[in-house]
Structure formats: structure tokens, C-alpha cells
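Hi everyone, thanks for making time. Let's have a look at the structure together.

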Amino acid sequence: MESARPPAPGAERVAPPRIGLALGSGAARGWAHIGVAEALAEAGIVPEVVCGTSIGAVVGAAQAAGRLAALHDWVQAAGWREIVGLLDVRLTRGGLIEGRELLAFLRGLGLDVPIEGLATRYAAVATDLATGREVWLQTGPLHQAVRASAALPGLFSPALREGRWLVDGGLCNPVPVSVCRALGAEIIIAVNLNGDLLGRRFEVPSEPPPPAPRPPPEGLAEAVRQLPLALRDQAALLGARLFPPGAATPGYFDVLANSINIMQDQITRTRLAGDPPHVLLLPRLREIGLMEFHRGPEAIAEGRACVEQALPLLRRYL
């Protein structure tokens, strides 16, 4: 058998580039990040740096902690009953939802570990409510960093961390490419969940029909009825606020959702223009609403499809 040739004089082995994955904000549409991460891994693309904003911080934390499969299984099986169970309504703490149930969910998922102990470099992006400054959470309990990054104004109450009130990182950096680059990533793959959302709602006909009751999403009423009594009233109150009777003008939740879409679209375009990734993935998610977390299988499938379409470009870089 012929022995391997020694390397030519002066030849050096080139190390593969350090890959970073920037997972953007987008509430329920963020389950697409699970499909993206899984499809990348199946293609042999494993990031050494993972940074996330809001729902991107949730999925990124699961990936960095080796708990992505557990999150995938929960999302695949989650219906409205499981989603409503995470909504602990409190109207006196700066948001509709206090977030204690979300923290318990993250702990149950195995994300109550120190960020410093992760094998993958990780950061979650939040916003300082007092100064508006971007905050990179790279130390301390992982689940608390995720909770702060996902504190969507108008829904979740702010999170107190090291003397600062923190809210959703999407207010300042919806797709954290800059964070990946600062943490040492050489090739950055970014996922923008909000690239195709604007211009699809509030098409007012010339003669609007009379207002009609607006039914809640399928399965929501039954999920509320099956909750423990202590949670039932809170869930019903939240449902009444999120899904009011139909009207000729946009409701509270429509205004909130579309305002967030507009804000994040504008900020994302500006940030990516100044600091572009090497590969930008744009899953088609415009039909999934901000709080439709029960549609996880659809979002995961779209995340996978997006990676499959981008594989030729990814292989050029990698």
C-alpha cells in the first residue's frame, strides 16, 4: 500500500473558517430557526458562534446547550393548550405577561446552565429600557438571558438584570450579525424572519361589511377550558385582549403586531446594510402571525426548505 506523501515544503494546512449563526427576532415565526439549524447540521455546517435576538435567542440557546432536539419535540407537539399555559397574565408589571412560566419552561428544557460553560460561543441580545442601548448577554444563567432578550414590549414585562431593566433585543438589533462578528465568527449565516411581512394587512374595501364576531384561533377556546381554574381567568382575559370582536378598524393586537413588523423591518434593513452577513436566509413566513406558536411544524419545515435552497451558496463559502 502506498504511503501518504508528506506535505510539500512550505505548505500549510488551512483551518476551516469559524462559522457564526445569527438568529433573528420574529416571535412565533422563530420556530423556523429550528429547521434552519437542523438542516445546516445535516449538511455538515456546525457553527462555533451562535447569537440570537428574542425568539432567536431561545432557539440559539437550545442549540448551544445541545437541547435543540428537545425543543423540536416540544414545538412539534405543542397546541394552544401548551402555549396558553406559558402565558401568566399580569397587568401591573409593564406587560400583559409576567414571564415566570416562560422561565420555568426554559429550566425544564435544560437551559438553566451558565453561558460560560457552553461549548459553543453564545450571546443573547437585549435592549436597556432606560438608555436604549444594545446589551450582549454572554455570562450568567442561560435561561435568564433568553428571558430578557425575549421581553417583547406590550406583551412581556421587562426583565431585571444587574440593576437594569431589559426588553426585547429586536428594538435595536433584530438580526445580530454584528454580535457574531465581534465574537470571532469569520463566515456568518444570518436568518431574517421578517423580510416579507409588510403590505399584506388592512386592505379596506370600498364598502366595509358590518362588524362580525372574530372567532379565536381554532382550538384556543378548548385549550382555555382545560386549564386549571387558577389560570383559566387569566387566559380568558388575555384572549379577549388579543382576539376582540371584529371591527372596521384594526384591533389592539393587529396594531401591535404590525407596528413591531414595521419597526423591525426598518431597523433590520439599516443594520444589515451596514454590516452584512456572508449568507442571508429569508424563510417565507408571512402567513404565520406573531403569536401563532402552535404552527411550529409549518415554520420548521420552511426553515429547512430555506437552507436547502441556499446550499449551493453556502458550499461556495464553506
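I'll talk about aromatic pairs in this one.

First, some housekeeping: this is a predicted model, where local features need pLDDT of at least 70, side-chain atom pairs count only at pLDDT 80 or more, and totals for chains, interfaces and linings use all residues. Residues are numbered from 1 along each chain as its sequence is written, and side-chain values use heavy atoms, with hydrogens and water left out.

So, how many aromatic pairs does a search of the whole structure find? Three. Rings of Phe, Tyr and Trp (its six-membered ring) pair if their centres lie within 6.5 Å; planes under 30 degrees apart are stacked, over 60 edge-to-face, and the rest tilted.

Take W31 and F293: they sit edge-to-face, 5.9 Å centre to centre, with 70 degrees between the planes. W31 is in the loop between β1 (19–23) and α1 (32–42), and F293 in the loop between β8 (279–281) and α11 (296–317), so this pair ties together parts 262 residues apart in sequence. Helices (H or I, at least four residues) and strands (E, at least two) are DSSP runs, numbered from the N terminus.

Are those two buried or exposed? W31 is buried at 4% relative accessibility, and F293 is buried at 15%. Buried means under 20% relative accessible area, exposed over 50%, partly exposed in between (1.4 Å probe, protein chains only).

Next, W74 and F105 make a tilted pair, 4.6 Å centre to centre and 50 degrees between the planes. W74 belongs to helix α3 (residues 68–77) and F105 to helix α5 (residues 100–108), so parts 31 residues apart in sequence get tied together. W74 is partly exposed at 21%, while F105 is buried at 14%.

And to finish: W31, W74, F105 and F293 form one aromatic cluster.
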